[in-house]
Amino acid sequence: MQKLTSRERVMATIEHRAVDRRLPFTISCHETLAKYGEPLLRMVREAGCDFFDTNTLKMPEAAVMNRTTDVDMWGCRWNYAIAGKGGVITEAPLEDWCHFASYKMPAVPKVAAADIEAAAKVGEQYPVWGSVEQFFQIMQNIRGTENIMMDFYTQPEEVLKLMERMLTEYHLPAIEEQLKLKPDIIGMGDDWGTQTALLINPKTWREFIKPAYRRMVDLAHQGKAKVWFHSCGYTREILPDMIELGVDVINPQIHTMDVAEYGEVARNKITIVPDADRQHVMVNGTPDDVRRHVRGMYGKLGTRYGGLIGYVPMEP
């Protein structure tokens, strides 16, 4: 049997046509490298993964890890109580709808000839990846979470206007730009769950959010890219919707849900990249606990022909 490249293995797994039992996997280090430094970096480089060359990993920039305040490209001011960690927004540009008409969406990042050349080189071994900013998360950021949650019921017309501008002025053009890379995968995502339920009524999600996602997913598919969607929290209620939209890969916080039941619904319809239990087992478990946890979880997902990608999340 001819040896597969990582790209071939990943794409075969997503398309449920895997030819052997070796599970492709990816790694995320987040800010963990900043805490454990070069020893961890060497370990990750030696382990490798199927989504990128781990030898290209570098230590996080000190300026990023030490920042205490920042203004992002959407005009949101962030404060970081703990340097290097997720911050909180203290100023939202659309906290008052009166600023909507004058609000300017950020410029869409352009893909240069050098980017296209680099992507082609990556594709010789690894999947070529494109990505687009979160959608609902940006709505929360620029309007304020409490405000946008109320707006669905009190000012739905304004919500629809905001979504249309985001789609036409940023998200859809950004996907079009990323498609110049000829990516295998376009990454999207929004965190939709609490620990026990969806953030909003599923009916409201289907009325407002699903049509916007459909336009983004359809555009990515028109460019021959698979869609990879990340979402933390309890999202079981919209899993059939994600399948119906044509999302190819889902990266859920699966231990907020019934893993076996989730796997049954997803099987042969969508590929799962399950997040290990970072709230309990990965934090408090022994190495043997972690092994049992991962084997038990993976045993309930996917098939012998694919539908499952391994994920190694590293948290400090």
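Which residue in β4 is the bridge partner of R77? It is E91.

A word on the model before I go on. It is predicted, so local features need pLDDT of at least 70, side-chain atom pairs count only at pLDDT 80 or more, and totals for chains, interfaces and linings use all residues. Residues are numbered from 1 along each chain as its sequence is written, and side-chain values use heavy atoms, with hydrogens and water left out.

Back to the sheet. Strand β3, residues 77-79, runs antiparallel to β4, and three bridges join them. Strands here are DSSP runs (E, at least two residues; helices are H or I, at least four), numbered from the N terminus. Two strands pair if DSSP finds at least two bridges between them. The open sheet has three strands, ordered β2-β3-β4, with antiparallel pairing. Twist averages 35° from one strand to the next, with angles running from 0 to 180 degrees between N-to-C directions of axes fitted to C-alpha atoms.

Next, the second largest pocket. A pocket is an open set of points on a 1 Å grid where a 1.4 Å probe fits, with protein on both sides within 12 Å along at least five of seven lines; lining residues have an atom within 4 Å of a point. This one holds about 470 Å³, the space filled by probe spheres set on the points.

Seventeen residues line it, with M282, V312, P313, M314 and E315 nearest its centre. Two or more lining residues come from each of α2 (32-47), α11 (281-284), α12 (287-298) and β10 (310-313). Helix α2 gives the largest share, four residues.
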